[in-house]
Amino acid sequence: MKKHFPLLCLLWLASVIVGCRTNTATPTAVPPTPVVSTTTFTNPLMNSGADPWVIKKDGVYYYCHTLGDKIGLWKTTAMSQLGKATSKVVWLPPTTGGNSHNLWAPELHFIDGKWYIYYTAGSSPDLGTQRTWVLENASADPLTGTWTDKGQIFLPTANYWAIDGTILQLNNANYFIWSGYVKPSDITQRIYIAKMSNPWTLADKRAQLSYPQYSWETIGDPQPDVNEGPEILKKNGKVFLVYSASGCWTDDYALGMLTMSDSSDPMDSTAWKKSSLPVFSKSSGAYGPGHNGFFQSPDGTEDWIIYHANPQAGQGCGGARSPRIQKFAWNADGTPNFGQPIATSIPIAKPSGE
């Protein structure tokens, strides 16, 4: 089972405003962090931060990661300076109920003119109660306005353990992708997809896209085998689903990949082709790299991956995991080439346009 622990954000600004469950912020937009004139940066971007996520809109990057007991957002025009970014707690869970504990892996998405945060939470410290949930905000700036709890996003016919929800937008339709169980008695973590009838409701069925089948996906016994943290990358007429495999409590947590033509039906599991080898795995100073996301440089000329990793071996699923970014390239066949994780403290050229 995936293990997360409430994280203490060491760089959380002293001016953070703590909201309530239906949080109403000041009507004025929160300004992004000014860009400092330097040419390089080093990983990690913060000392702690598991399950990083970033989305770019109108020249601004919005970032979040697992905090455990709340959801916060960061805002910047320069991802290399994320550690200095404007930040704010935007939502606190209720004291009781299905989404009151273990807030994991929030993702911010902009759908049909509104912001949505998809996240994982449970009803108790017992990790077996984890499910996926949705918040909605109509404000232009997600660090302002009111976040409304839209409830659990699930299929009544398969309301089992579920984590790490993300969105695929393709051919004028939205799809929800997550990690879950085939049935309560089989706790192998698999990747599922379902079409959405609106941003907080799933349609009538799900399809299994991936399960742990290769040796590099099944490291971490005696605990369950793991496919989790699905994320979407689209380019060159293809859709790539990049996911995390093996136990996050091991140094061998790594990224795998499924590939599909963007003209195919994503609900058709046979349309997805699974890579037999990991596409991103541990290196010195980056142990257990995983739960990634993607973004482009400010000028749109470069593709970047964001992920978490531990600086030392044996640190598992705790607060030592930190967010890192690096540029990646493309192979001749149109697939991404992520290379290897860059060690900490090595100067990296800033994203183009910063």
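Author: Arg 190 counts as buried because its relative accessibility is 13%, where buried means under 20% relative accessible area, exposed means over 50% and partly exposed covers what lies in between, with a 1.4 Å probe and protein chains only. This is a predicted model, in which local features need pLDDT of at least 70 and side-chain atom pairs count only at pLDDT 80 or more, while totals for chains, interfaces and linings use all residues. Residues are numbered from 1 along each chain as its sequence is written, and side-chain values use heavy atoms, with hydrogens and water left out.

The partner of Arg 190 is Asp 186, and the closest N and O atoms of this salt bridge are 2.9 Å apart; the term requires a side-chain nitrogen of Lys or Arg within 4 Å of a carboxyl oxygen of Asp or Glu. Side chains of opposite charge can pair when their charged atoms come close. Over the whole structure, the search finds 9 salt bridges.

Another of these pairs is formed by Lys 274 and Glu 217, whose closest N and O atoms are 2.8 Å apart. Here distant parts of the chain are linked, since Lys 274 belongs to strand E19 (residues 273-274) and Glu 217 to the loop between E15 and strand E16 (227-235), 57 residues apart. Strands (E, at least two residues) and helices (H or I, at least four) are DSSP runs, numbered from the N terminus. Glu 217 is buried, because its relative accessible area is 0%.

In the pair of Glu 302 and Lys 327, the closest N and O atoms lie 3.7 Å apart. With 15% relative accessibility Glu 302 counts as buried, whereas Lys 327, at 47%, counts as partly exposed.

The loop that holds Glu 217 is also the place of Pro 222, between E15 and E16. The bond joining Asp 221 and Pro 222 is a cis peptide bond, with omega about 10 degrees. The bond from Asn 43 to Pro 44 is cis as well, with omega near 0 degrees, and Pro 44 lies in the loop between strand E2 (40-41) and strand E3 (53-57).

Turning to the nonpolar surroundings, a nonpolar core is a set of buried Ala, Val, Leu, Ile, Met, Phe, Trp, Tyr and Cys residues joined through side-chain atoms within 4.5 Å. The largest such core has 20 residues, and Leu 168, Ile 193 and Leu 241 have the most contacts inside it. Two or more residues each come from strands E11 (162-170), E12 (173-180), E13 (190-198), E15 (207-210), E17 (238-245) and E18 (254-261), and E17 gives the most, with 4 residues. Leaving aside residues up to four places away in sequence, Leu 168 touches Ala 173, Asn 174, Tyr 175, Ile 177, Ile 193, Ile 232, Lys 234, Val 239 and Pro 266, contact meaning heavy atoms within 4.5 Å. A second, separate core has 19 residues, among them Leu 73, Val 90, Ile 117 and Tyr 119.

Two of those neighbours, Ile 232 and Lys 234, are among the residues nearest the centre of the largest pocket, together with Trp 53, Ile 55 and Phe 294, out of 22 lining residues. E3, E7, E11, E16, E20 and E21 are the elements that give two or more residues to this lining, and E16 gives the most, with 5 residues. A pocket is found on a 1 Å grid over the protein atoms alone, as an open set of points with protein on both sides within 12 Å along at least five of seven lines, whereas a cavity is a set of points where a 1.4 Å probe fits but cannot get out; lining residues have an atom within 4 Å of a point. The largest pocket holds about 610 Å³ of space, a volume being the space filled by probe spheres set on the points, which are joined across faces, edges and corners. Its lining divides into 13 nonpolar, 4 polar and 5 charged residues, with Asp, Glu, Lys and Arg counted as charged, Ala, Val, Leu, Ile, Met, Phe, Trp, Tyr, Cys and Pro as nonpolar, and the others, Gly among them, as polar.
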